[in-house]
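Hello,

Here is the structure I promised to pass on to you. Please open it alongside this email, and my notes follow below.

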Amino acid sequence: MSAESPEWEIATELDQSIAPVIEGFEEETSVPQFAITVVAGPDSGKAWTSSQDRCRVGSNSANDLVLTDPTVSRFHCEIVSDATGVRVRDLDSKNGVWVDGLRVVDAWLRHGSVTRLGQTSVRLDLHRSSNTYVVSESRAFGHLVGQSVRMRAVFHVLERAATSDITVLLEGETGTGKTAAAEALHQSGARSEGPFVVVDCGTVSRNLIESELFGHERGAFTGSVSSRSGAFERASGGTLFLDEVGELPPELQKTLLRVLEARSIRRVGGNHEISVDVRVIAATNRDLRTEVNAGTFREDLYYRLAVLHVTMPPLRSRPTDIPMVAVQILQRLGVKEAIAILTPDVIQRIAKGSWPGNARQLRNYLERQILLGTASLTVDVEQASSDEAPPINVRLSFAASRRHWVDAFERRYLQALLQSTRDNLSEAARRADLARSHLYRLLDKHALRP
């Protein structure tokens with residue numbers, strides 16, 4: 001990052017005026033090192049130790065600790081070390097994860113803890129030494145900004161990925177910056193002069209997704225009055241970004257796998273193979289390993305997409321980044337003197353927020369306050385999701401005021417809809433009489449997708 005870049009200016013300004021406010025959010029640069037040893041089961045005696053901060057355990061060869069026990073799921077669990085300790089997380093395995101006789105979904109482990117997975121038991125041993133995060137010297141990667149250890153560790157991985165054509169799978173909650181990461185990978189790589197084509201697999205109609213990806217010939221189906229190239233052809237020479245790839249219907253997953261391996265496509269209704277030269281980046285807000293365990297996502301396709309797996313951290317896990325993200329959002333909204341608006345009191349307030357919708361929810365909150373004419377953001381962050389109707393602000397144009405009222409109505413309606421359907425999106429779309437693709441767009445707009 002050059003000294004002249006906007007991100008550098010943001011970071012420097014924050015260092016001078018806001019950094020003292022967030023001293024209470026200091027981060028550790030190292031995490032406990034640990035080892036995993038199989039103490040019972042078919043693989044007894046097998047061990048794993050590494051400088052990594054996590055160990056993935058299961059029967060699939062993509063795991064760090066691969067077990068042959070048939071009662072162990074393909075992606076059974078992962079054991080993760082951070083500054084607060086070591087924890088185990090069940091990946092929706094068939095036979096569960098058991099610690100001290102209790103079945104757990106997510107639990108802290110101590111030195112010597114024995115965890116049972118199916119008919120296999122593994123012991124955790126903590127080392128006296130620690131693993132140090134390898135971080136980027138930069139506080140930005142494309143439009144992503146952050147000064148936290150966790151985010152700069154992600155920047156380090158993305159910077160290295162940008163130097164190759166490696167296939168990348170970006171996972172993370174809604175609003176964590178997966179699209180921005182994909183764009184930055186493209187712009188920072190050798191294909192930056194080529195096209196960057198985006199396909200949102202969650203919003204394209206199920207009966208049109210094949211045509212959207214691979215194109216079609218004239219007469220291939222009703223309404224196809226002319227031939228059309230698909231996303232793979234349009235992205236040739238550049239990058240294809242498959243957003244929400246976990247939404248792909250099962251029948252298309254096999255076709256996508258073949259295309260990724262052969263680097264050629266066949267249009268719907270066509271007979272000829274067309275070679276394509278694309279770099280593929282995929283993203284999802286799901287954990288595809290749990291989808292593999294459930295049988296809803298192909299194991300071999302996951303393996304092909306997750307050549308490099310990057311998890312985008314949520315805002316709540318990196319509170320020191322929230323001021324930088326807020327300044328960037330305000331600048332993109334055209335707000336002058338963004339730093340002056342973010343007073344120390346405001347920074348303390350927003351830095352303590354959980355922000356389940358991450359940067360997207362933070363943007364909605366900041367935009368709402370600016371539209372309401374709030375001179376400084378003194379409204380409590382809990383009002384970011386308030387269901388009250390916005391007051392009339394005659395300093396706004398008619399169009400802007402109406403848009404704000406529509407946004408408020410949409411959010412209230414969607415929240416009530418999700419609550420009444422218990423987050424069942426198929427049922428929610430049916431009740432609202434909306435296409436699922438339209439519902440997804442609205443939920444993403446308001447950072448409400450479960």
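What follows is a short tour of strands, core, pockets and cysteines.

First, the ground rules. This is a predicted model, in which local features need pLDDT of at least 70 and side-chain atom pairs count only at pLDDT 80 or more, while totals for chains, interfaces and linings use all residues. Residues are numbered from 1 along each chain as its sequence is written, and side-chain values use heavy atoms, with hydrogens and water left out.

**Strands and sheets**

Helices (H or I, at least four residues) and strands (E, at least two) are DSSP runs, numbered from the N terminus. Two strands count as paired if DSSP finds at least two bridges between them.

An open sheet of five strands has the order E4-E3-E5-E6-E9, with mixed pairing. Its edge strands, E4 (65-66) and E9 (106-109), each pair on one side only. Within this sheet, E5 (residues 77-82) and E6 (residues 85-90) run antiparallel and are joined by six bridges. Ser81 stands opposite Val86 in E6.

Elsewhere, E7 (residues 97-99) pairs with E10 in the antiparallel sense over three bridges, and Val99 stands opposite Thr115 in E10. Here, buried means under 20% relative accessible area, exposed over 50%, and partly exposed in between (1.4 Å probe, protein chains only). In a regular strand the side chains alternate between the two faces of the sheet.

How many residues of E16 are buried? Five of its five are. Thr239, Phe241 and Asp243 point one way and Leu240 and Leu242 the other way, and all are buried. E16 runs parallel to E15, with five bridges between them, and Val197 stands opposite Leu240 in E16. E16 also runs parallel to E19, joined by four bridges; there Phe241 stands opposite Ile281 in E19.

In the loop between E16 and H6 you will find Pro249, which is buried at 6% relative accessible area. Its C-alpha atom is separated by 9.8 Å from that of Glu210, 39 residues apart along the chain.

**Pocket and cavity**

On a 1 Å grid over the protein atoms alone, a cavity is a set of points where a 1.4 Å probe fits but cannot get out, and a pocket is an open set with protein on both sides within 12 Å along at least five of seven lines; lining residues have an atom within 4 Å of a point. Grid points are joined across faces, edges and corners, and a volume is the space filled by probe spheres set on the points.

The second largest pocket has a volume of about 720 Å³. Of its 26 lining residues, the closest to the centre are Gly175, Gly177, Ala180, Ala359 and Arg360. Elements giving two or more residues to the lining include helix H3 (178-188), helix H9 (322-332) and helix H12 (358-371). H9 is mostly covered, with nine of its 11 residues buried, and Gly334, which follows H9, has a positive phi near 80 degrees.

There is one cavity of 30 Å³ or more, and the largest cavity has a volume of about 40 Å³. Among the residues that line the largest cavity are Asp165, His186, Arg191, Thr239 and Arg279.

**Cysteines**

How many disulfides are there, taking a disulfide as a pair of cysteine sulfur atoms within 2.5 Å? The count comes to zero. For Cys55, the nearest cysteine sulfur is that of Cys77, 7.7 Å away. Cys55 is buried, with a relative accessible area of 0%, and Cys201 also counts as buried, at 6%.

Best wishes

Methods:
Disulfide = S-S within 2.5 Å.
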